[in-house]
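Please read the report below beside the sequence and the 3D view. It goes from the whole chain to single residues.

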Amino acid sequence: MKKVTGDEIRELFLRFFEEKGHQVIPSSSLVPLGDPTLLLTTAGMVQFKRYFTGEATPPHPRLASCQKCFRTTDIESVGDSKHLTFFEMLGNFSVGDYFKREAIEWAWEFVTQSLGLPPERLWATIFLDDDEAFRYWQGVGVPRERILRFGEEDNFWGPAGESGPCGPCSEIHYDLGEGIGCGRAECGPGCECGRFVEIWNLVFTQYDQQRDGRRVPLPKPNIDTGMGLERTAAAVQGKASVYETDLFAPLIELVSRLAGKGYGKDEASDRALRIVAEHGRAITFLIADGVVPSNEGRGYVLRRVLRRAALFGRKLGLEGPFLGSLARAVMSQMGQQYLELMTNRDFILSTIEAEEARFSQTLVTGLNLLDRIMEEAKQKGKSSISGEDIFKLYDTYGFPKELTAEIAAENGLTVDFEAFEEEMERQRERARAAQRVASAEEKAEAYAALSAPPTVFVGDEALKKGSTIVALLLDGQPAETASEGDEVEVVLRETPFYGEMGGQVGDSGEIRGEKGRMTVTNTIRHTEKLEGAYKDLFIHQGKVVEGQISVNDEVEAIVDEKRRLDIARNHTATHLLQAALRQMLGSQVQQAGSLVAPDRFRFDFTYSSTPTREQLMEVQHMVNEWVRQNLPVRDRRTSYREAIARGALAFFGEKYGEEVRVLEIGKPPFSRELCGGTHVRLTGEIGLLLILGESSIGAGMRRIEAVTGRGAEEFVEKQVSIVEETAQELGAKALDIKGRISDLRAELEAERKRALTLERELLRRKAKELAEKAEPVGEFKILAEPVEEASSIEALRQMGDFLKGELGKSAIVLGTILHDRPNFVVMGTADAVKRGFHAGRLVKEVAAVTGGGGGGTAKLGQGGGRDKNKLGEALKLARKLLKESIQKS
């Protein structure tokens, strides 16, 4: 058998299918672009999904790829010898071109000739009645006895829902040898003992399943195959586990060295080593593709996996940060194949460092709490951890619920997930606004029920357009007519109004007809998928202000031009801002959200550090330089794949069809993004961009708020007005304000010091007066008096120090009213403490009289209360307690 590396297997596969007439397509991101229905890319066919559904035309009928994949279903299983979260999927695909014969013959040729796997160790599985596949496997030389038939559970790929494309599949299994597994004579593919490893799955998509369960042959069947690189490497390299291949051995070795644990000596340590190595690789790739830790969606998957790695690292004895070292090893090993690892190196490392540090702060406390919870459950004879406890670990200590469940299972306990979700829902309910409105789902159902055709948007060419009302909603229900005063939603056949989407707010304006007029306060967009295509309805929301409007009325739709231009200036500015940020901070900057309104805009982006003021100023200068250059802003239509191939930036989570709109700025373009929003024609129309603020909105997430055009002009006018008014107040010229303020601050500081000196002298004199009121108790003197002269608690403490100097051996309680509340300071000399005096305990009792509390050390206590009228009563108690504390010894 040939001994080839994992990298060589990848290269051999792609070259083999390129020679068979396939177009090699680079791996897509782990974040599925244009498909918000998927959390992460789970298979090689994900980026080709639109080709198989007929939504898009493939660049070639034969395709091949090595795709980065991530499956969340296997997170808890990682740690055994075979499961992975992140893996590479080699695949060849046919979109209506070749079918079973070629797929089977080429698969056999590749594994036996290119990889050199012994034919006698290869088995094939097929669907029960797939005699066609059986003939082809026999035709390439697989003996009848090594072709096994299985049912739908194992060898049939069903549709994604109740109906859709589906078909049988055929798998290639590799026999690792009799020395591995159960040792039974009947052992074969399908046995769970680990002897047989599935390395390639060939899916024959040949049916369209109907809702009634019937399967109708597709006019053009397809091929979708997937070969796990890691499993194949194990077979080729003669290893019983993927973790022993050259793809993982360097990572296992690194973790072993960091932890001082040898691999293969202890199963518990081996499991932890595999978890840390696998998860370290997985989080590196997730972050490289723009995922940042959070408590939702992909961010939660990343947080969960990273914290599981941190936990098992702790079990190995790794006390300090260590995941960054693992990420560097992954970059070194795989950076040549996946350039995003190197491009986003700093972002990856800083994100890991921040999240690892955040979890380490609560890890030990959380583990100790979990230990106590589990011990108490066992002592009470319980077999489960309550949802309240799981929620506390999640909410306070950052323990993913799955991690708690895993630790509990190791200790023979289950967890109450249902009760946990109830706790989560209670938290969500507390966070919801008291005012309830119709849910998005209810509105979507109402819009979907309209029998209106898709709205034609003409707002890029005109801001005024004659049109027809095709649907109308009153109180969320379809209606024929709306009268003056009615709040209404209107759908037009054609509209110049932009519907809210992609962070850009909707247009406002007017709709005028012969019989009536409505003001449009907002325009939204409802999108639904019908017959493989997306249908857009533009919903014009507003109020009938004159007469009445009805379905089928001929109307004129007029957009508020000034407002539209304000929005357009801000939207184009977000593109310029992103380009400048990426030039200044690096390609790790990726848009994570935005709000484009007429008066301002905000731009959310991924970045692991805090940009300096100098960097933000330079970004602002870059944008304004582009504005002054009056550069062309052009849009063009092209295919989604071509746009991405040419470097266009796409926003994660947006839905994109086969044809997309690309907005380019500059000649040649330095900014190229997929965008359906409204924009200026020349950057000079923006006028001016001013960054108003920058802040953190979460781990690895930043937000910039800015204004342009009229908003920037208004901001500057306000700032100038403030400067002029301040100059007038100071009796100085505007240019001299800074110096005048510095002079005033110096004068104020001098006055403050003089006032403190006077207060100190006043307190010293008052202390002498109060000292005369001290009551002797043996060799000690005690004092409990009110002080009106103290302006702060610090002044009260200072008076106490003066009194101790005057009285010698003493114990003192001073009370005063600050900000309309009683405050107390209790002090005692070292001699008093030796006699049993404790200032901290005494002040607690005294302050309690006024409805408060306090504490402190034996020599100094401090407290406060709420009821100032009880100050005298509290000081009376203080005298009694002082006397008792001195006399009791």
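**Basis**

This is a predicted model, in which local features need pLDDT of at least 70, side-chain atom pairs count only at pLDDT 80 or more, and totals for chains, interfaces and linings use all residues. Residues are numbered from 1 along each chain as its sequence is written, and side-chain values use heavy atoms, with hydrogens and water left out.

**Overall shape**

The protein chain has 25 helices and 34 strands. Helices (H or I, at least four residues) and strands (E, at least two) are DSSP runs, numbered from the N terminus. The C-alpha atoms occupy a box of roughly 115 × 85 × 50 Å along the principal axes. The radius of gyration of the protein chain is 36 Å, whereas a compact globule of 889 residues would have one near 29 Å. That radius is taken over C-alpha atoms, and the globule rule is 2.2 Å times the number of residues to the power 0.38.

Of the 889 residues, 50% count as buried. Buried means under 20% relative accessible area, exposed means over 50%, and partly exposed lies in between (1.4 Å probe, protein chains only). Among contacts in the protein chain with a separation of 6 or more, 68% join residues 24 or more positions apart. Contact here means heavy atoms within 4.5 Å.

**Nonpolar cores**

In soluble globular proteins, nonpolar side chains tend to be buried together. A nonpolar core is defined as a set of buried Ala, Val, Leu, Ile, Met, Phe, Trp, Tyr and Cys residues joined through side-chain atoms within 4.5 Å. The largest one has 125 residues, of which Trp137 and Trp200 touch the most other members. Helix H12 (residues 345–379) gives the most to this core, with 12 residues. A second, separate core of 30 residues includes Leu577, Leu581, Phe603 and Tyr607.

Beyond its neighbours within four places in sequence, Trp200 has contacts that include Phe13, Phe17, Phe110, Ile172 and Met227. Asn92, Ser170, Glu171 and Thr225 are also among the contacts of Trp200.

Helix H14 (residues 401–410) is mostly covered, with eight of its 10 residues buried. The buried residues of H14 include Lys401, Glu402 and Glu406 as well as Leu403 and Ile407. After H14 comes Gly412, with a positive phi near 75°.

**The cavity**

A search of the whole structure finds one cavity of 30 Å³ or more. On a 1 Å grid over the protein atoms alone, a cavity is a set of points where a 1.4 Å probe fits but cannot get out; lining residues have an atom within 4 Å of a point. Grid points are joined across faces, edges and corners, and a volume is the space filled by probe spheres set on the points. The largest cavity has a volume of about 80 Å³.

Its lining includes Ala310, Arg314, Phe322, Glu356 and Leu363. Helix H9 (297–315) and H12 are the elements that give two or more residues to this lining. H12 has the largest share, four residues. The lining residues divide into six nonpolar, two polar and three charged. In this count Ala, Val, Leu, Ile, Met, Phe, Trp, Tyr, Cys and Pro are nonpolar, Asp, Glu, Lys and Arg are charged, and the others, Gly among them, are polar.

**Selected residues**

| Residue | Relative accessible area | Class |
|---|---|---|
| Cys193 | 27% | partly exposed |
| Ser269 | 14% | buried |
| His819 | 80% | exposed |

Cys193 lies in the loop between strand S7 (164–175) and strand S8 (196–209). Leaving out neighbours within four places in sequence, Cys193 is in contact with Gly181, Cys182 and Cys187. The C-alpha atoms of Cys193 and Ala699 are separated by 43 Å, and these residues are 506 residues apart along the chain.

Ser269 lies in helix H8 (residues 267–288). Not counting residues up to four places away in sequence, Ser269 touches Lys261 and Leu316.

**Backbone geometry**

Most residues other than glycine have a negative phi, and most peptide bonds are trans. The peptide bond from Lys667 to Pro668 is cis, with omega near 0°. Pro668 sits in the loop between strand S25 (659–665) and strand S26 (671–674).

His819 is in the loop between strand S31 (810–818) and strand S32 (821–828), and its phi is positive, near 55°. Asp820 is found in the loop between S31 and S32, with a positive phi near 70°.

Technical notes:
On a 1 Å grid over the protein atoms alone, a cavity is a set of points where a 1.4 Å probe fits but cannot get out, and a pocket is an open set with protein on both sides within 12 Å along at least five of seven lines; lining residues have an atom within 4 Å of a point.
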